[in-house]
Amino acid sequence: MADTQSAPSIAYTRAPFSTWLGIVCLFVLFGLIVLTVIGPSPRTSDYEETRAKKRMEKLKTLHEESQKELTTYAWVDKNKGVARIPIDRAMEVTVADLAQKKPAPAGPIATPAAQTAPAGASPVPAVSPQGAAGSSSPAEAAAKAGPPSSGAAPATQQSPPAPASPAPATTP
């Protein structure tokens with residue numbers, strides 16, 4: 001079966017020449033308005049020299065103001081009684097205050113706990129051979145073994161392990 005409905009067609013019309021001419025004229029008009037408002041500003045050497053002089057004057061006034069604040073007395077907040085004093089005088093007052101105070105003794109420095117196990121040892125406590133043969137559970141064997149040795153005792157002083165007795169066989 002053939003499809004009897006046809007796809008809708010879109011008709012494109014060309015914009016008239018007057019529309020394009022109007023858009024170009026608007027851009028030219030906008031450019032002229034911007035040019036008249038801003039105006040041509042020549043950037044000659046005089047321009048840069050005047051900017052440099054202004055910057056130097058601002059820097060000089062800022063430096064004078066900071067020196068004035070560092071070297072003169074003035075009220076910061078008179079109602080609260082806060083005043084500014086010259087920095088040299090502030091250093092003298094601070095040194096005099098610190099000279100009158102005795103230094104407090106320092107407390108002990110906390111050091112981390114020393115590890116007793118050697119570097120190659122396992123973190124699990126070692127079980128002694130006598131405890132393993134006579135105990136009924138691994139927890140009891142670990143409790144009897146105690147803390148791991150620090151390696152001070154030589155290995156030749158240990159006694160040989162006791163032979164384990166076989167369990168009696170039960171018959172069903």
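The model is predicted, so local features need pLDDT of at least 70 and side-chain atom pairs count only at pLDDT 80 or more, while totals for chains, interfaces and linings use all residues. Residues are numbered from 1 along each chain as its sequence is written, and side-chain values use heavy atoms, with hydrogens and water left out.

**Overall make-up**
- The protein has five helices and two strands, where helices (H or I, at least four residues) and strands (E, at least two) are DSSP runs numbered from the N terminus.
- From the N terminus on, the order of these elements is α-α-β-β-α-α-α.
- Of the 172 residues, 3% count as buried (under 20% relative accessible area; exposed is over 50%, and partly exposed lies in between, with a 1.4 Å probe and protein chains only).
- The accessible surface comes to about 16400 Å², and 64% of this surface belongs to carbon and sulfur atoms; the areas come from the Shrake-Rupley method with a 1.4 Å probe, and for residues only the protein chains shown count as cover.

**Helix H1**
- Helix H1 covers residues 17-38.
- Its 22 residues reach 32 Å from first to last C-alpha, close to the 32 Å expected at 1.5 Å a residue (1.5 Å times one less than the number of residues).
- Just after H1, Gly 39 takes a positive phi of about 75°.

**Nonpolar patch**
- Leu 26, Leu 29, Phe 30, Ile 33, Val 34, Val 37 and Ile 38 make a nonpolar surface patch of about 730 Å².
- Val 34 lies in H1 and counts as partly exposed because its relative accessibility is 32%.
- Patch residues have over 30% relative accessible area and no salt bridge; like charges are joined within 9 Å, and nonpolar side chains (Val, Leu, Ile, Met, Phe, Trp, Tyr) within 5 Å.
- A salt bridge is a side-chain nitrogen of Lys or Arg within 4 Å of a carboxyl oxygen of Asp or Glu.
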